[in-house]
Amino acid sequence: MNSFHKEITVSVDDLDDLNHVNNVRYVQWIQDISKEHWQASASSLMQDQVIWVVLSHHIEYKRAAILNDPIKISTYIDSSSGAKSIRIVEMKHATTNKLLVKSSTEWCLLESKSYRPIRIPDDIKEIFL
């Protein structure tokens with residue numbers, strides 16, 4: 001399994017009225033790391049030929065993160081079938097390693113010119129194994 005990781009630090013702009021990370025920010029981080037993993041792993045040709053779109057998100061919020069918390073974000077592809085792929089994203093407090101958020105997102109692969117779904121080719125599946 002080809003996983004991808006990065007660390008961020010919670011800033012004032014990430015907070016909601018309760019001084020916790022806003023749920024919308026978590027969704028943005030899920031989108032960001034998914035895109036970064038794709039761009040870091042796929043060839044330029046692959047990136048030109050296809051695009052990914054979200055079909056659904058399932059997010060479990062386990063613990064709150066607050067200002068200046070270091071967060072380790074990790075992602076990997078759990079499964080792929082046809083045009084669809086399930087991507088897992090986990091966010092943990094980087095110091096305590098406690099799980100903050102876990103998400104499962106269903107993505108669909110589209111041909112970049114027609115925007116029609118296409119079966120995920122083996123060469124794309126292989127870069128995420």
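Predicted model: local features only at pLDDT ≥ 70, side-chain atom pairs only at ≥ 80, totals over all residues.
Residues are numbered from 1 along each chain as its sequence is written, and side-chain values use heavy atoms, with hydrogens and water left out.

**Exercise 1. Aromatic pairs**

Task: Find how many aromatic pairs the structure holds, and classify the pair Tyr26 and Tyr61.

Solution: 

Step 1. Start with the rule: rings of Phe, Tyr and Trp (its six-membered ring) pair if their centres lie within 6.5 Å; planes under 30 degrees apart are stacked, over 60 edge-to-face, and the rest tilted. By this rule there are 4 aromatic pairs.

Step 2. For Tyr26 and Tyr61, the ring centres are 5.8 Å apart and the planes stand at 55°, so this pair is tilted.

Step 3. Now place the two residues. Helices (H or I, at least four residues) and strands (E, at least two) are DSSP runs, numbered from the N terminus. Tyr26 sits in helix 1 (residues 23–41) and Tyr61 in strand 2 (residues 50–61), 35 residues apart, and the pair links these distant parts of the chain.

Step 4. Check accessibility, where buried means under 20% relative accessible area, exposed over 50%, and partly exposed in between (1.4 Å probe, protein chains only). Tyr26 has 2% relative accessibility and counts as buried, while Tyr61 has 37% and counts as partly exposed.

Step 5. Compare with the rings of Trp38 and Trp52: their centres are 5.9 Å apart and their planes at 80°, so the pair is edge-to-face. Trp38 belongs to helix 1 and Trp52 to strand 2, so this pair ties together parts that are 14 residues apart in sequence.

Step 6. Finally, look for a cluster: Tyr26, Trp29 and Tyr61 form one.

**Exercise 2. Salt bridges**

Task: Which residue forms a salt bridge with Glu36, and which elements does the pair tie together?

Solution: 

Step 1. A salt bridge is a side-chain nitrogen of Lys or Arg within 4 Å of a carboxyl oxygen of Asp or Glu. The structure holds 4 of them.

Step 2. The partner of Glu36 is Lys6, with the closest N and O atoms 2.9 Å apart. Since Glu36 lies in helix 1 and Lys6 in strand 1 (residues 4–9), the pair ties together parts that are 30 residues apart in sequence.

Step 3. Glu36 is partly exposed at 28% relative accessible area, and Lys6 is partly exposed at 22%.

Step 4. A charged residue without a partner

Task: Is Asp69 buried or exposed, and which residues does Asp69 touch?

Solution: 

Step 1. Locate Asp69 in the loop between strand 2 and strand 3 (70–81).

Step 2. Asp69 is buried yet has no salt bridge. Lys and Arg count as positive and Asp and Glu as negative, while His and the chain ends are not counted. The nearest side chain of opposite charge is Arg63, 10.0 Å away.

Step 3. List the contacts (heavy atoms within 4.5 Å). Not counting residues up to four places away in sequence, Asp69 touches Ile8, Thr9, Val10, Ala64 and His93.

**Exercise 3. Pocket**

Task: Find which element gives the most to the lining of the largest pocket.

Solution: 

Step 1. On a 1 Å grid over the protein atoms alone, a pocket is an open set of points where a 1.4 Å probe fits, with protein on both sides within 12 Å along at least five of seven lines; lining residues have an atom within 4 Å of a point. Grid points are joined across faces, edges and corners, and a volume is the space filled by probe spheres set on the points.

Step 2. The largest pocket holds about 260 Å³ of space. Its lining has 16 residues, of which Ser34, Lys35, Trp38, Trp52 and Trp107 lie nearest its centre.

Step 3. Helix 1, strand 2 and strand 4 each give two or more residues to this lining. Helix 1 gives the most, with 7 residues.

**Exercise 4. Backbone angle**

Solution: 

Step 1. Asn68 lies in the loop between strand 2 and strand 3.

Step 2. Most residues other than glycine have a negative phi. Asn68 has a positive phi of about 70° although it is not a glycine.

Step 3. With 54% relative accessibility, Asn68 counts as exposed.
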